[in-house]
Amino acid sequence: MKRHNRRSVFYGSLTGAAVAAMTAGGCGAGGGSATGPAATSSQPAPSATAWQKWGLTALPAPPKPPADKPVKLSATGTVPVFEHLPTSQKVVFITVDDGAEKDPKFVEMMRDLKIPITMFLMNDTIKSDYGYFKPLQAMGNHIQNHTLHHPAMNTLPLARQKEEVCGDQKILTQQYGTAPLLFRPPYGAYNSDTQTAVGECGPRAIVRWREAMQITTMRYQETDKKLRPGDIILAHFRGPKELKGTTMTEMFGNLLKHIQKQGFTVARLEDYIQPPTG
């Protein structure tokens, strides 16, 4: 299976018009819902012992999400595209893609540390065990759309793009009880047909990223190699076979160390997005 981290796509294809559209508000029926089984729940902070178990020191608790969400989605019109959320809070958002690796230790780690993540799941990699992701969802982590088969969307005609998005939307809704609100295009590649397909299939925004976690290092979009408030970080459900012997929990621990070193903490992406109302 092809990987996301293609430099040419990572820095390309985000249009100015799409970025400008991301704060468009509106009301009306349609689109996904940010409520349901994955709604954020109040949980006690993890203990120092829990962090030590994973060889880490505690991240600061995330601040209270803003009541006035910085991104307001509309039920109609062209779906916006974003890779960063406007906020002055020193938070970043972790997104984890695909679903190939299903390490029980990662579920244990998330249960211990209570780090919020957003999962963009692709049916080809999750269909062998849909149930693996349900405990992660039960912790308050949302499941979002990432296509059926992981194609480069901008190489497909509109009809095929709709098959990919609508197909994954249907399966994820059936399996996890909540219609995805967000869509991530494989490799970050999209075009205007992608925006049309996404809008017609249910999700109300396309989400890319500014940083991508490798094994021990982070790939940055900005040349100064620094996180900024509101950045969206890409990681993957990958294990030792793809991580050169490193486990998913080790990779994720390395990611948290990068975030902590720069004085940030992790917030839940969906807590900063207002879904369509009505």
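This is a predicted model: local features need pLDDT of at least 70, side-chain atom pairs count only at pLDDT 80 or more; totals for chains, interfaces and linings use all residues.
Local features need pLDDT of at least 70 and side-chain atom pairs count only at pLDDT 80 or more, whereas totals for chains, interfaces and linings use all residues. Residues are numbered from 1 along each chain as its sequence is written, and side-chain values use heavy atoms, with hydrogens and water left out.

**View 1. Helix H4 (residues 104-113) and its buried residues.** Helices are DSSP runs of H or I with at least four residues, numbered from the N terminus. Phe106, Val107, Met109, Met110, Asp112 and Leu113 are buried in H4, where buried means under 20% relative accessible area with a 1.4 Å probe, protein chains only. Their cover includes helix H3 (48-53), helix H6 (134-138) and helix H9 (248-261).

**View 2. The two ends of H4.** At the start of H4, a side-chain oxygen of Asp103 comes to within 2.9 Å of the backbone nitrogen of Lys105. Just after H4, Lys114 has a positive phi of about 55 degrees.

**View 3. The packing of H4 with H9.** The two helices H4 and H9 pack at an angle of about 35 degrees, and their axes are 9 Å apart. Lys105, Phe106, Met109, Met110 and Leu113 of H4 meet Met248, Thr249, Phe252, Gly253 and Leu256 of H9, contact meaning heavy atoms within 4.5 Å.

**View 4. Lys257 in helix H9.** Lys257 counts as partly exposed because its relative accessibility is 43%, a value between the 20% and 50% limits. Leaving aside residues up to four places away in sequence, Lys257 touches Gly55 and Leu56.

Key. A polar contact is a pair of N or O atoms within 3.5 Å; within protein, one must be able to donate a hydrogen and the other to accept it, and residues adjacent in sequence count only if both atoms are side-chain atoms. Axes are lines fitted to C-alpha atoms, for helices over the stretch in contact, and angles run from 0 to 180 degrees between N-to-C directions.
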